[in-house]
Amino acid sequence: MSDKRLTFKKRLHIIKHHYRGKKMAPAFNALHTFLYTPDETTHSGSHVRAADDLKRTMNTVITALIPVLLFSMFNAGYQHYAAIDAANGVARELSVFGNFLTWDNFWIGIIKVLPLVIVSYGVGLLVEFIFAVIKGHEVEEGYLVTGMLVPLIVPIDTPLWMLAVAVIFGVIIGKEVFGGTGMNILNPALTIRAFLFFAYPTWMSGDKVWVYEAVDRAGGPDAISGETILGYLAQNNASEYSYSLSDMFFGFIPGSVGETSTFLILLGGLFLIFSKIASWRIMLSAVIGALVMGLMFNGIVDQGWIGETSKFYGLMSFPFWQHLIVGGLAFGIVYMATDPVTGSQTNRGKWFYGFFIGFMSVMIRVFNPAYPEGVFLAILLMNVFAPTIDHYVIRGNVKRRLKRMKNANVLPTDSEGEKKKLQVETA
Amino acid sequence: MALLTKKDVSLISDPLADNNPITIQVLGICSALAITAELKASVVMAIAVMFVLGMGNVVISLMRNIIPSKIRIIVQLIVVAALVIVVDQVLKAFAYELSKTLSVFVGLIITNCIIMGRFEAFALANGPWRSFLDGIGNSLGYGLILVIVGFFRELLGSGTLFGFAILGDPITKTGLYATGYENNGFMIIPPAALIVVGIIIWVQRSRTPALIEDN
């Protein structure tokens with residue numbers, strides 16, 4: 001009698017009914033719906049069902065992030081050994097199967113990158129569960145993507161307790177105080193990044209934190225450098241790094257854990273565009289914005305307004321299109337700026353929103369005295385402006401339609417009075 | 001006759017919690033953001049405001065029947081400016097370092113919304129004794145929040161309280177710093193005060209739901 005035996009699924013449903021209405025119900029339901037669809041059915045009327053619920057959306061973004069994560073684990077090890085070779089004066093040729101996709105590299109990824117992922121998810125979901133239990137609502141899926149983004153945008157040597165503190169801050173102040181997923185003004189992952197940047201600047205900038213062990217070895221005989229390309233440029237030392245354009249594009253450079261590989265980010269971005277999760281308008285306009293700002297800076301250098309002695313020379317003279325393949329610009333544009341909650345909602349607004357993200361990113365990158373990167377600040381700033389942009393786009397639409405309404409004869413037989421009445425109603 | 005009637009007591013106790021000038025009326029925020037990075041500065045600021053508001057309320061209350069209502073704001077400004085100058089000079093004379101820390105914010109007590117607010121709302125309509133109590137009560141409520149914010153900002157931001165190292169020495173790595181702990185630079189910058197005040201407001205309103213405004 002197989003139908004009398006309780007399957008795991010049925011047992012879970014029974015437990016669920018047992019917990020219904022109790023305090024811990026949200027916590028249990030969150031775990032339950034990960035495994036199975038709930039057994040509730042609608043009791044009245046028919047409802048449109050779509051396959052892409054919030055969890056599916058989140059999972060799509062995470063899928064797009066998996067290649068980046070795997071690459072970053074190998075890159076963590078590769079940069080570590082490359083920095084040691086560089087410090088010892090040993091020449092190093094990159095070969096993808098020879099010295100990049102190796103177990104040694106991957107092992108450093110496992111001991112350094114995985115703990116970041118685990119802490120990020122563990123602490124963040126714990127906060128979400130606590131809030132769900134206190135407020136008595138279902139656990140929201142919003143943290144699934146944030147939890148994956150956070151470890152990818154911090155330096156590899158970030159101490160785990162700092163990450164935990166920042167995650168608690170970001171989830172509570174960045175999201176829960178506004179009412180949880182979907183209500184937040186600022187992107188929670190970037191709130192976490194900004195908190196880390198302002199709270200522990202020595203761990204978030206400089207020439208040590210980007211490569212595993214560079215901090216521990218600093219000052220000793222086996223010191224290694226972890227300077228990023230933007231770091232070299234900010235010090236006007238463009239001639240000191242030896243990364244080729246393909247290194248920059250494919251990501252064999254030091255930087256925040258997951259930001260380096262523009263190639264994989266591009267693939268993830270295309271995947272998100274074709275699965276219609278992320279907005280191509282934001283991505284495209286952000287790229288345009290960055291190029292425009294880069295061109296302007298290049299123009300300033302070409303005009304001779306900025307001399308080689310200026311502290312802005314290195315970053316300003318950097319070829320405009322290369323801004324896209326170093327630093328976190330590509331990662332920010334593809335995965336952060338396109339956040340549907342904090343970005344602009346209107347199609348026309350998305351163009352403005354994206355454009356200014358790219359524009360401001362490069363501007364802050366050049367002018368920021370402490371830290372040659374500005375993507376997270378630019379996106380947070382535009383997050384704040386997104387509702388204002390939407391407001392004016394909608395106002396503009398209303399005005400245009402009113403004008404059309406005024407010029408058009410609604411009906412040939414209409415009297416003047418009725419036309420006015422219709423106008424008032426539309427307004 | 002008791003020195004303080006029940007009504008008088010509520011003049012002092014209400015601003016401490018349910019009618020706090022910072023967390024409920026959201027006044028005096030600027031100074032709460034600017035000078036609370038250190039506990040000492042918070043305390044001195046609280047005392048300075050207490051002096052100005054207590055005395056000012058009494059003066060305005062005594063003059064309330066002779067101030068023409070058309071120029072009352074100017075009169076109030078003169079009173080508060082005179083008192084603030086006294087505070088400023090006293091600080092410069094006896095606590096020069098501290099007056100440097102507080103810098104322009106002592107002078108800006110003049111524009112502290114709490115002070116003008118109490119002059120307008122209370123001292124112009126009540127006797128000197130009650131006005132005095134109201135001034136003390138409101139500046140206590142203001143000072144309470146300042147001290148709470150200053151406590152957390154100095155402890156988390158610098159690891160000290162009143163300048164004494166509480167968590168050990170961050171340079172030589174003693175105490176808590178030996179475990180890898182580091183000061184939180186975010187708490188030093190003024191936006192952190194906004195967030196701490198926000199959290200206090202959040203905690204207070206969830207403890208007393210009657211304070212939550214209708215939308």
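This is a predicted model: local features need pLDDT of at least 70, side-chain atom pairs count only at pLDDT 80 or more; totals for chains, interfaces and linings use all residues.
1. Secondary structure and extent. Chain A contains 19 helices and 0 strands. Along the principal axes, its C-alpha atoms occupy a box of roughly 80 × 75 × 35 Å.

2. Burial and contacts within chain A. Chain A has 427 residues, and 43% of them count as buried.

3. Where the chains meet. On the side of chain A, 8 residues are in contact with 8 residues of chain B. The most is given by helix 8 of chain A (residues 188–199), which supplies 3 residues to this side. Sorted by class, the side of chain A that touches chain B consists of 8 nonpolar residues, with no polar and no charged ones.

4. The largest nonpolar core. This core holds 145 residues, and those touching the most other members are Leu196(A), Ile357(A), Ile379(A) and Val52(B). Helix 3 of chain A (residues 54–88) provides the largest share of the core, namely 13 residues. As general background, nonpolar side chains tend to be buried together in soluble globular proteins.

5. The surroundings of Val52(B). Which residues is Val52(B) in contact with, leaving aside its neighbours within four places in sequence? They are Val80(B), Leu83(B), Val84(B), Val87(B), Ile109(B) and Ile115(B). The reader may wish to locate Val52(B) in the structure, as one of the residues that touch the most other members of the largest nonpolar core.

Conventions. Residues are numbered from 1 along each chain as its sequence is written. Chains are lettered from A and ligands numbered from 1 in the order in which they are written. Two residues are in contact if their C-beta atoms, placed from the backbone, lie within 7 Å. Helices (H or I, at least four residues) and strands (E, at least two) are DSSP runs, numbered from the N terminus. Ala, Val, Leu, Ile, Met, Phe, Trp, Tyr, Cys and Pro count as nonpolar, Asp, Glu, Lys and Arg as charged, and the others, Gly among them, as polar. A nonpolar core is a set of buried Ala, Val, Leu, Ile, Met, Phe, Trp, Tyr and Cys residues joined through C-beta atoms within 7 Å. A residue is buried if 20 or more other C-beta atoms lie within 10 Å of its own, exposed if 12 or fewer, and partly exposed in between; C-beta atoms are placed from the backbone.
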